[in-house]
Amino acid sequence: MATGEFAAHAAHAHAAPTSWIRKYVFSLDHKVIGIQYYFLALTAVFVGMILSLLMRIHLIWPTATLPFLGEIKPETYLSLLTMHGTIMVFFVLTTAPQGGFGNYFLPIQIGAPDMAFPVLNMLSFWVTALAFIVMIAAFFVVGGAPLHGWTGYPPLSALQSAGPGEGLGADLWVISIALFCLGALMSALNFITTTLDMRAKGMTMMRMPLTCWSWFITAILGLLAFGVLLSAGILLLLDRNAGTSFYVPLVTINGQLAGHKGGSPLLWQHLFWFFGHPEVYIAILPAMGLCSQLLSVFSRKPIFGYKAMVYAMLSIGFLGFMVWGHHMFMSGMSPYTAFAFSVMTMAIGVPSAIKTFNWLGTIWRGRLRFTSPMLFALGFVSLFVSGGISGPFLAQPVLDIQLHDTYFVVGHFHLIMGVASIFGIFAATYYWFPKMFGRMMNESLARWHFFISLIGTYAIFMPMHYLGMAGHLRRYSQLTELNYLHGLVPLQTFMTYAAFVTIAGQFIFLFNLFWSMKFGKKASDNPWEATTIEWTTTTPPPHDNFGGHMPVVNNGPYEYSVPGAPRDYVMQTDPPLAKAH
Amino acid sequence: MGLVLLVVIWLITFISAYFFIAKTWWLPAGASVAAAGIDHHFSTTYILMGAVFVAAQVILGYFAWQYRDRGSASRQAQYSHGNNTLEITWTVLTLILFVGLNFMSSSIWASERFRPAGPGAVQVEVTGMQFAWYFRYPGADGKFGATKPELQDASAGGEGAIGLDTTDPASKDDVVAGTMYVPVNREVDVTLRAADVIHSFFIPAMRFKQDAVPGIAIHMHFTPITVGDYEIACSQLCGLGHYKMHGILKVVNQEDYDKWLAAREAEKQ
Amino acid sequence: MDLITTTAAVDAAGVLLGGHGSPDHLSADFSARLRRARLGLIVALTGVVMIFVSFSSAYVVRKGLPTLDPQSGTLVHDWLPLQLPSFLLVNTLVLLVSTLTMELARRQAAREALATEISRSAVATTSTSPKEAQRMPWLALTAVLGLSFLAGQWLVWRELAASGFYVSTNPSSSFFYLLTATHGIHLLGGILTLIAASAAYFWRRLAESRAVVVDITAWYWHFMTFLWVNILCLLEVAH
């Protein structure tokens, strides 16, 4: 029969590979690709973390001589911060939650055997990996890495002689980002198609776990935003190397005419932030989805307001495309436009607040189990609140006058992206490690990691708000030149010491991760007693995720403590509950 | 563990809040007309948002302790999928809070930015370049002379640095200085320009910040109300010398300002 | 059994030929593949559209943007519209014809897939290869026309360069090269896929797989034509 032949053909396409190269290097299995993305992000985060350590050291000991690096010059400091920001935003926050955990668990959580386009999936990883290599290469070329910040505003980023590192280093930076955009677009294609077309029988959109919703919406944001960044980057490359003037007006640099005219630096800012704002939601949405998931599992309670959570994420995604101008209040943009953007920005705070209320509503009257994933989920809520509260200050142009480009902004985005989102990655690791590697991570080490990280990151980033209010500007390599900064040195010193401790604490995690892979306690198929589909498979899952028996879904994803049920959790694939959901 | 979480979260919250309330590190003293309104709105925002911050963290910590699994001593968790009335209520309240705050601040924003400087304002052109600020005064004719980028020569000092075209008659009485002098209690109309990359002109005490963008001349105004010296900082990454691109704003009384300007004009002869 | 299979095949062919149709769980695995591939294409094209939207909006903004003339201290407009070579219209015609041949190729591949489906279910033991009778090489023709279009674009570039308009000469020439190059690169991708699909015919790959590939490439191709017309209108309206 014809369909039999197709089925056979399809099955052949999905047969498990046997050679080492096909199994671990050029694998088409979304689970392997997910792990590859995860380890790429893990490498990137340690590089990014070391860069920030060097920055913190330089800020309080500007003349110190370090091994291998010697004295850190002001331009080196700027290169450190440029690469720190770029690597963290792209190769950690946009990679681990989506490319890492999303790739691994989206298909399983919706009951699919793999992603829609496995070859494309494999390509998207390798393009991203190549992008990372190109980015790192910028450190080692003549002139070194660029110094124009992760935001890369021209003319500074468009003129090769505007500073050290703005030659080949800056070209490699742009090329790396362009490659990353391609990888991200390919990945978004897969996520969207998979979510729409490959859900198992009974898995309606409104029965999907919130993690799946978050990956889906994040992919849509990526699809619409990364093309714009790619375009902006192409224009920048042309300005840098082909003599065009998209961004550069008539300027002189180092006393010489730069050879451009008529371009607009604000064009870059509009294009970049049209991407850049959705990007920060790309960085946080998966962590929000996971937080919802974990609070529900470990409170043994349904998520409070599932529909509201879905609508909130959809609103955040949608509104996220309408607020980019709030990065440009001081840029020379029209003040009327600024007003419009600020109203939209305040509006986008509302769905975020709704999510926070719902998280609190989830743990209210729950029965909390303080496992390591739960600790990080609770930490996420605290950090999200802290980071979010400084948003309404910056969203009002009148207050942004004083706070723009100060440490207030740096504190704001670090608490949200640099800590809350990272806590999401940690939580995901502790939670899904048993399913991925068949063993549990060590809970004692996890608790040390949690408390050091929570207290340490608050100690580093909360004081940044004070610094910002006092007028301490960002991207300053030294505090020596402005008188009013001298009084802020003790606070900076405190932050650096806090950073030492916090960074040291991350090695506990690293050790725990690798040690547990070999020596962790063996895990059962469902160690957390959770309801979603990934916990119905074996640990680790077989090649097609379900051993040939595709799941059929009868229940929603958060049926915990159902009155009258035999256990305090009902799997999505269990027989339907009396009350249809 | 629930108790530990409560203690840690509450401690972090109260210690952070303490430093905010005590204003240990705070906005610098305001010295412009706009400062009072801006600072007042800052206080309003910070009190309201501060209350939300403390409330949310306190509740989080409390819930973590109160609803911990006490083994057999705990009841089963409450099976609830949510509460639509509550959702609508807190959505509307949040919307009112956020949009309300915004509309309160917008009147200040409008008064600062929607209108240009008044007719009697002191004209100063501020040019940023890697890594210094230059201040140009138009002189008696009230007009700024032409500048040509090809004439720029930083080593030649003020006029050379900004590329002043001395063949233009309007340039004859232009004064270029490395320090910004303005008279107190008079509106200052700043024209911001940049020679090479984007810079940003920030005077913390005046609550004044505006990017200087190459290819555009941006007008912005402020009115200083207290005599004194104020630091100017560059607030947009402009290269390796960004951290040391600073200047001094000297607010003096009208007499001293006139004397200073006259002395600069005299030097040109 | 035969009836079900034939129905399924007809359904699949309907999907192919008509471009629409919702396969139920009885229809061939192939319809599902086609639907998934088309969904993927729509998503991919959304990403591509954002690139062209970015360039187009940059174009519109730049066109109207004044810049500061340091001499006079005033804002001046410096946009000089580019005189588009008339050969561009000839080239456009070539692309329009290619979209027609592409559609014919798509339908041909669909029919071949259907033929294979029916012959396979009807006769269990005979060969399943499609008839070798007179086949117009629509696919190859499209590829040739596509390559002609690209060659034509190259000639247009040469003509512009000869008149002294290079990438960096002025903003309107920069945008011209940018938009045509980006479109050309995307079209080249389509051409390479066509060549691969043509080669697949000779290697006797499953007609159904080819039909999916050709179908997707065809819709992609039509979109590239549509995009080109849009770019041309954008550039023309600049006058």
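How much area do chain A and chain C bury between them? I looked this up in a predicted model, where local features need pLDDT of at least 70, side-chain atom pairs count only at pLDDT 80 or more, and totals for chains, interfaces and linings use all residues. Side-chain values use heavy atoms, without hydrogens or water.

**Chains A and C.** I found about 3,000 Å² buried, 74% of it on carbon and sulfur atoms; buried area is the accessible area (1.4 Å probe) that two parts lose on being put together, summed over both. Chain A brings 38 residues and chain C 37 residues to the contact (heavy atoms within 4.5 Å). I counted 2 salt bridges here (a side-chain nitrogen of Lys or Arg within 4 Å of a carboxyl oxygen of Asp or Glu). One of them joins Asp197(A) to Arg36(C), with the closest N and O atoms 2.8 Å apart.

**Chains B and A.** I then turned to the interface of chain B and chain A. Here 93 residues of chain B are in contact with 114 residues of chain A. The buried area is about 9,200 Å², and carbon and sulfur atoms give 70% of it. On the chain B side, Trp25(B), Tyr79(B) and Tyr243(B) lose the most area to chain A, together 9% of what that side buries. I counted 1 salt bridge between these chains. Asp69(B) forms a salt bridge with Arg367(A), and their closest N and O atoms lie 3.1 Å apart.

Technical notes:
Residues are numbered from 1 along each chain as its sequence is written. Chains are lettered from A and ligands numbered from 1 in the order in which they are written.
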